[in-house]
Amino acid sequence: MDRIKIFQIIIYLFAALIVLRLFYWQFIGKIEPQNRGSQDEIPAPRGEIITSDGFPIVANQEAFLLYAKPNEVKDPKKLAQTLAPYLIGEKYARPPSTYAEGVVGQATQEASTTDDEKKNKDEEIKAKAQSIQDRLENRNLLWVQIARKIPQMIKDAIVGQKVDAIGFEPDQKRLYAEGSMAAQLLGFVGSNQFGEDTGYFGLEGYYERKLQGKPGRLGQETDPLGLPILVSKYRRIEPEKGSSLHLSIDRVIQFMVEGKLKAAVEKYGAKSGTVIIEDPKTGKIIAMASYPTYNPTTREEYDEKLYQNPAIIDAYEPGSTFKVLVMSAALDLGLVDPNTKCTVCSGPREISGYKISTWDNKYFPNSTMTDVIVHSDNTGMTFVADKLGVDNFYSYITKFGFSKPTGIDLQGEVSGELRAKQDWKPIDLATASFGQGLTVTPLQMVQAVSAIANGGIEIDPKVTSQIENSKGQLENVEQKPTRVISEKTAAQMTEMMVSAVENGEAKFFAPKGYRIAGKTGTAQIPVAGHYDPNKTIASFVGFAPANNPRFVMLVRFTEPSASIFGAETAAPTFFDIAKEMFNYWGIPPSR
């Protein structure tokens, strides 16, 4: 008797499952046709990228998606051969007006075309035609995609052939309105392994999910087995545009910086150069440029290494620019003050068997800490390092952010290298005090100095100020402030950096009447276990006006050949850009 009841329960459960499944097929499944098998996607318009002046530096250009209706095609082979010549080569750069209509392998080439080029073109046409024909084989389908991102001229040429059983849907191509401007900042849109538009590098990569939008659907309903229902209705679900990014980038300053950086790299014979300008009070990036660069529209013509942004991926030894951060740590702990005298600055020092000298072999006994910064004195910095000790030193450079990426909204950021604290030896502490034996990225350096410029508070760096969704609603990008040093320490360090500009090696290049806080850096490049004296990273970091900073800027050159010193390459470039910014913003001299 118990066995019969168990058997009855099983039968009832099985029947209930069948009823529930039938209910789903009949009602729920019909409500959600967008999830059914044979539908195809309509690409969503990608969000724009807009500079601070409201200019769409990355926008969308009108294009078209070409599709065919397999169940209406009379001769798939002929249709494929007609379309193929229009869909190959140079990203649809020109209409194949010279191609024989509907004939594969008989394109009439210009006189200058070689036989090999003609053969390759014929092979491309043949392969494309076969690919299209394969897509048309399933005659039960109402809709199949043939090609995307077709420009108006190609569409017009195809329409002129009066081909049946095809159609067009609106599509878009990415348009980089200013060519190569800010290319490494913006990134680009390419195709992933499935042929879908995908953002790579920079903003395009970082904000891919927000920029990409939600695709629509075009197709027909299917039965429970996934087969098309031939008498079903043709359904269309509109795509939803992606969110747009409103940047803090000032297009005028970005353009100016790129021009001056290119000229400086060529003038000083450098391998490359980078400039970053940030508002220390907001953490917003005003300009970010590197040279050499590339054009996103024709990126295939450039070395792929140029796609990456040196401002966030290049790890380098910062050299003497790092001294202002080490000095800030000692000031903040009260271990020294600007007038504290150095007791080891009368000559070279020997630490753990290594000789520590000044960069120019000049020594200043009883130098104050301000003098140490002005003269960029390595032995003076070892005095500061002795005061700090490893624990305090490591604690502060970590607070300044050198143990992790800054968190900027750009894809691909890395962090410089900082060995574990327990592995530091006395010589490591000494060399790190003047920026050797550890690495930073250009952006990490800018962030650390921005804390000094902003009264001791560092704010997360961002390129995007607001994100605008498809409904036009704006959302601010969140940023977090962190106190690194006291306001008093920041003020003291600022005055010491002003003295470095007014009395240091680069004083002749500084614009008259402006109080600028800054520090030069010349770091030898380690090669095969030693430092090459002829290969350097030349840099200058600073902010202005010193009493109310509007910007923090880093200028960095890799291996300048005209001069290895930051005071003779990076500093003049810094001041040249700064003068343009003072004029642009209408900032008058303070004296």
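Select Thr 482 first: beyond its neighbours within four places in sequence, Thr 482 is in contact with Gly 456, Ile 457 and Glu 458, contact meaning heavy atoms within 4.5 Å. This is a predicted model, in which local features need pLDDT of at least 70 and side-chain atom pairs count only at pLDDT 80 or more, while totals for chains, interfaces and linings use all residues. Residues are numbered from 1 along each chain as its sequence is written, and side-chain values use heavy atoms, with hydrogens and water left out.

Thr 482 belongs to strand β18 (residues 481-483); strands (E, at least two residues) and helices (H or I, at least four) are DSSP runs, numbered from the N terminus. Thr 482 is partly exposed, at 35% relative accessibility; buried means under 20% relative accessible area, exposed over 50%, and partly exposed in between (1.4 Å probe, protein chains only).

Next, select Asn 309, in the loop between β12 (285-291) and α9 (310-313). Asn 309 is buried, with a relative accessible area of 5%. Leaving aside neighbours within four places in sequence, its contacts are Gln 184, Leu 185, Met 288, Ser 290 and Leu 410.

Now turn to the aromatic rings. Rings of Phe, Tyr and Trp (its six-membered ring) pair if their centres lie within 6.5 Å; planes under 30 degrees apart count as stacked, over 60 as edge-to-face and the rest as tilted. The count comes to 20 aromatic pairs. Select Tyr 514 and Phe 582, a stacked pair with 4.0 Å centre to centre and 10 degrees between the planes. Tyr 514 is in the loop between α15 and β19, and Phe 582 is in helix α16 (residues 570-585), 68 residues apart. Both Tyr 514 and Phe 582 are buried.

Then select Phe 540 and Phe 574, a tilted pair at 4.7 Å centre to centre, with 55 degrees between the planes. Phe 540 lies in strand β20 and Phe 574 in helix α16, so this pair ties together parts 34 residues apart in sequence. Phe 540 and Phe 574 are also buried.

For a cluster linked by ring pairs, select Phe 188, Tyr 200, Phe 201, Tyr 294, Tyr 302 and Tyr 307.

Last, select Lys 399 and Tyr 396: the charged end of Lys 399 sits over the ring of Tyr 396, 4.4 Å from its centre. A charge sits over a ring if NZ of Lys or CZ of Arg is within 6 Å of the ring centre and within 35 degrees of the ring normal. Arg 550 lies over the face of Trp 585, 4.3 Å from the ring centre.
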